[in-house]
Amino acid sequence: MIDFKPYGDSAILINFEQVIDKTINDKVVFISKNIENTSIPGLLYCLPAYCSITIGYDPSQIKYILLIDLIKRIIEQKQEEKIEINARNFLIPVCYEPPYALDLADLSSQLAISQKEIIELHYSQVYQIYMLGFLPGFPYMGILPNNLNCRRKEIPRKKVNAGSVGLAGCQTGIYPIDAPGGWQIIGRTPVPIFNQKNEFPFLFQVGDSVEFYPISINEFDNLEKDLSKGNIDYKDFHG
């Protein structure tokens, strides 16, 4: 079941089944890319999320009813095709040691499992990027193992450093910039995932997958220096 509704006076919200599910998210990404790749006059943007797509348009160039009709035709034409996302896989290093693992001890008490087990469970998974948001390029990734599901902090921090890796609910994510936040921080990566100076400022795209692997503080420092000097290409982090 796909539901269409107006979202303000110049956007459309397309809702799919409202659950966090890889199959549904794959469909969202697939349809979103096909809408973007179709020459639709007045189409401004297409933003896929977990189980919805927000489409912005210029009402002076195309009317709401006509745009809905065109999108429905695209969906009907593509529904028999095999869903192929052409996603990339990233291998992202994370230091799970102090001073970067700000909430690891508290989280261990909350979840009643050891810090070592939290770390091992976290990097043993392959995560799909379901959406980007909250901050520029913040990747919402899932799904965490059930015994890592956790609540956000009751009092958010006024500042979480860029690169911090956090948990919230059944999701994990990476802070792209220094910002306030309430996710449970268990480590940090030296890999910048947002750079506004780049032609394509976001390292990740919706539909990509991410695997983490642990590094020491010394490895973190060396990687951070090499990245700042341009000695390492970001393609080195593609799986």
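Trainee: Where does isoleucine 71 lie?
Mentor: Helices are DSSP runs of H or I with at least four residues, strands are E runs of at least two, and both are numbered from the N terminus. Isoleucine 71 lies in helix H2, residues 64-78. The model is predicted: local features need pLDDT of at least 70, side-chain atom pairs count only at pLDDT 80 or more, and totals for chains, interfaces and linings use all residues. Residues are numbered from 1 along each chain as its sequence is written, and side-chain values use heavy atoms, leaving out hydrogens and water.

Trainee: Is isoleucine 71 buried or exposed?
Mentor: Buried means under 20% relative accessible area, exposed over 50%, and partly exposed in between, with a 1.4 Å probe and protein chains only. Isoleucine 71 has a relative accessible area of 0%, so it is buried. Of the 239 residues in the protein, 47% are buried.

Trainee: Which residues does isoleucine 71 touch, leaving out those up to four places away in sequence?
Mentor: A contact means heavy atoms within 4.5 Å. By that rule isoleucine 71 touches Phe4, Ile12, Ile14, Ile35 and Ile55. Phenylalanine 4 is 67 residues away from isoleucine 71 in sequence, with 10.0 Å from C-alpha to C-alpha. Among contacts in the protein between residues at least 6 apart in sequence, 63% join residues at least 24 apart.

Trainee: And leucine 44, why does it count as exposed?
Mentor: Leucine 44 counts as exposed because its relative accessibility is 56%. Its place is in strand E3, residues 43-48.
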